[in-house]
Amino acid sequence: MKKKFLITILSLVCVLGCAFALAACGGSGEQGGSQGGQHGVSYGTATVNYHYEYNVVLEHYMQEKYSVQIGMEYELSELYTPPMKAGYRFLGWTMEQGGVGDIVGTPFIIVGAGFGGTVYDLYAKYEEINFNVVYHLDGGTNHADNPTSLTGKQTLKNPTKEKHNFLGWYLDPEFNGYTTSVFMTDDQTTTIDLYAKWQRVYEINYVSDQPNVMVKGDQSYYHYTRYTEDDSELHITLEPEYFENYLFLGWEIEESGELVECAEITVNPKEEKRDITYTAHYLVASNPRNTPGLKTLVSYGKHNFYAGEEVTRIVVEDMYGSKEHEKTFDVTVYYSSEEPPEVLIRDGVKLTLIYDPEAVENA
């Protein structure tokens, strides 16, 4: 005779406890089963193991134990529902390892037995969910390896956006639900939306007004070339940068029109939030090859210029060479016109003007 009976989950300890209690009341039992009742009814156990993650080193499963009368069949009207497996849809339970074979239906029949009881192993059967992925990039460019459709689960790669740091993928436009991979969060929908979060990166540019002069710019311990609003205060030091064949005029702070030789600048990232440019201005030094009527003699930082009457302006380079003792520090100009030429030099350089037409002529 078959009975319909769904038993609440019990531990084996409870089963044995009932057996001892029944024995104390004088009940008799059959060998291999727990003693139950006063009319010779014997109870055993039936165990159902629900294996729902079995392709891993440490298998995950749910175990249910039932106290049932030995030899009797009972019907389970409902079977355990496993946790969702990312990227997969749960179809049901099978009796074969790996979730292959036919799905068992309900009611599911279990039979009680003594000793270790009857053990039923059920394996979850899944199918991969085929779904589409929609990326909300806010002006960025997605990585070519990020899928637009897939089954299962895949790790995402970072997109790019000019002047921005990528802060991560999120599951909603308010940037809740950070994720590094894409998979379905339930087994019903077929589309998932991902939102790229960005942080603006502001650039600090140090440029020269001469195409062949590349300036370093910031001379502080940390050379600042970029920042975000989350950074601490930036302390920038601008100092003169001297180059052979050029005269340094000064730094222009963000198109102010004014030139300064040195500057100590503090930038508050939370207030600025913009790109910043500092421009070094130079003049090309006068050169005998391209200045008619001009001759020069240079040695160890000393410049001797011989200027004919047609020379009205001389631009003196800051450096003769790359070594410290080769910096321009002493300039002598011999001229032959009634008025001396205009001489542009770096601050601190000694200038001597000598009217000597004969020296100019014989140079």
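Analyst: Contact here means heavy atoms within 4.5 Å. With that cut-off, residues 24 or more positions apart account for 61% of the protein's contacts that have a separation of 6 or more. Please keep in mind that this is a predicted model, in which local features need pLDDT of at least 70, side-chain atom pairs count only at pLDDT 80 or more, and totals for chains, interfaces and linings use all residues. Residues are numbered from 1 along each chain as its sequence is written, and side-chain values use heavy atoms, with hydrogens and water left out.

Now to the core itself. A nonpolar core is a set of buried Ala, Val, Leu, Ile, Met, Phe, Trp, Tyr and Cys residues joined through side-chain atoms within 4.5 Å; buried means under 20% relative accessible area, exposed over 50%, and partly exposed in between (1.4 Å probe, protein chains only). The largest such core has 20 residues, and V48, L76 and W93 are among those with the most contacts inside it. At least two core residues come from each of β2 (41-53), β3 (60-69), β4 (73-76), β6 (108-111) and β7 (118-128), with β7 giving the most, five residues. Strands are DSSP runs (E, at least two residues), numbered from the N terminus.

Leaving aside neighbours within four places in sequence, V48 is in contact with residues including M62, Y66, L76, I110 and L122. Apart from this core lies another, of 19 residues, among them I204 and V215.

Strand β3 also holds S67, which counts as buried because its relative accessibility is 17%.

How values were computed: Helix = DSSP H or I, 4+ residues; strand = E, 2+ residues; numbered from the N terminus.
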